[in-house]
Amino acid sequence: MSTRSTRKRSADETKADEDKPEVKEETTKKGKAAAKKGGKGKGKAKDTAPEPTDSAPAAAPLTSAADLTMASSSSSSSSSSSSSSSASPTGIYTDFSGPAVGSGHIKIISWNVAGFKSIAGKGFKAYVEQENPDILCLQETKIEEGNVVKAELPSGYEYNWYAAQKKGYSGTAMFSKEKPISVTRGMGIAKHDTEGRVITAEFNRFYLITSYVPNSGRKLEELDYRVDEWDVAFLAYMKGLEAKGKPVIWCGDLNVAHLEIDLRNPKTNKRSAGFTKEERDSFSRILASGFVDTYRHFYPEVEGAYTFWSYMMGARGKDIGWRLDYFIVSRSLMPHVRTSFIRKHIPGSDHCPIGIILDV
């Protein structure tokens, strides 16, 4: 489905594209030559969109709450006609028929909503009611808690918000059915704690961190800070939590595509924010320190497992995406992770929701 629309782009969408990786397509020599002759005959992209057998093309961003309500109703109808324990061979779902949540299991969802005010008007509450997560983590909320309209929130949750000092920028939130033992905002390092990027909740069996990791910038002007300061401090923060005696679950928009299969066009993005060697190597060091990328643990070779698509150039309709959103867990917790999955069909943001199911 094409993402082209005649509607006016929102301020949230415009700002999101300023902070995200560029969409770079490779074109053929024939296409380039045609362009030089007056733009006739657009070159076809060399790469073709991966087509997982159980994944339909991603939908266009929603323009109204009715769109997601309709999508949820359709997914619900589809689920009722199939087994409730239906599992995807790729971990990518196009309806709510799976994955199954068994007795004693909990479901955690993470979603960069690209502005809470924006997503609230696009059926966010209807989605959460359909998904019914035990814990929901949000990134890039761009809102102060006092400005949240309570009627736009799903019921039955404890709500924790963390806003940036700069209004309308960054921000995170965590909704949980169970009240956490404790909630911490930030890492406790002033330099890193001005943009509302980290919330940590302590539960009986684990620490849960949701984070919106800083982008390295279009010109990589923040690359050194991201790799040499933020990543180093954040790894030390997670290891400090583990030292207290509980494993860590880290989820959110981590702003890195770790492997070449984690984005559509790796060849043309070697020096793009989110896919530089420095960022990928730094992420590898974090994993080597005792953490596991849950999605790649279960699906090491699946292509097209994207969670982000730029608003520009019809990227979502073409499935020109990046996997920037993750659930990372302490290695000791991995035996309790039943599955890791992607709700690729849920629109409303330039990211889609992802999740895990635990038997804790």
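A: Let's start with a word you will need: a residue counts as buried if its relative accessible area is under 20%. Please also keep in mind that this is a predicted model.

With that cut-off, take F175. Its relative accessible area is 0%, so F175 is buried. Y157 comes to 10%, which is also under the 20% limit, so Y157 is buried too.

Now look at these two residues together. Two rings are described by how far apart their centres are and by the angle between their planes. For Y157 and F175, the centres are 6.4 Å apart and the planes make an angle of 50°. Rings pair if their centres lie within 6.5 Å, so Y157 and F175 form an aromatic pair. Their arrangement is called tilted.

Where do the two partners sit along the chain? F175 belongs to strand β4, which covers residues 172-176. Y157 lies in the loop between β2 (135-139) and β3 (158-162). The two residues are 18 apart, and the pair links distant parts of the chain.

Y157 and F175 belong to a cluster linked by ring pairs, together with F96, W111, F116, F124, Y127, Y159 and W161.

R197 lies over the face of Y212, at 4.8 Å from the ring centre. At Y207, the charged end of K246 sits over the ring, 5.9 Å from its centre.

Finally, step back to the protein chain as a whole. Its secondary structure consists of 9 helices and 12 strands. The chain has 360 residues, and 56% of them count as buried; Y157 and F175 are among the buried ones. If you take contacts between residues at least 6 apart in sequence, 74% of them join residues at least 24 apart.

The largest cavity holds about 60 Å³ of space. Its lining includes the aromatic residues Y295, Y326, F327 and F341. Four elements, α8 (294-298), β10 (325-330), β11 (337-342) and β12 (354-358), each give at least two residues to that lining.

Notes:
Residues are numbered from 1 along each chain as its sequence is written. This is a predicted model: local features need pLDDT of at least 70, side-chain atom pairs count only at pLDDT 80 or more; totals for chains, interfaces and linings use all residues. Side-chain values use heavy atoms; hydrogens and water are left out. Rings of Phe, Tyr and Trp (its six-membered ring) pair if their centres lie within 6.5 Å; planes under 30 degrees apart count as stacked, over 60 as edge-to-face and the rest as tilted. Buried means under 20% relative accessible area, exposed over 50%, partly exposed in between (1.4 Å probe, protein chains only). A charge sits over a ring if NZ of Lys or CZ of Arg is within 6 Å of the ring centre and within 35 degrees of the ring normal. Contact means heavy atoms within 4.5 Å. On a 1 Å grid over the protein atoms alone, a cavity is a set of points where a 1.4 Å probe fits but cannot get out, and a pocket is an open set with protein on both sides within 12 Å along at least five of seven lines; lining residues have an atom within 4 Å of a point. Grid points are joined across faces, edges and corners, and a volume is the space filled by probe spheres set on the points.
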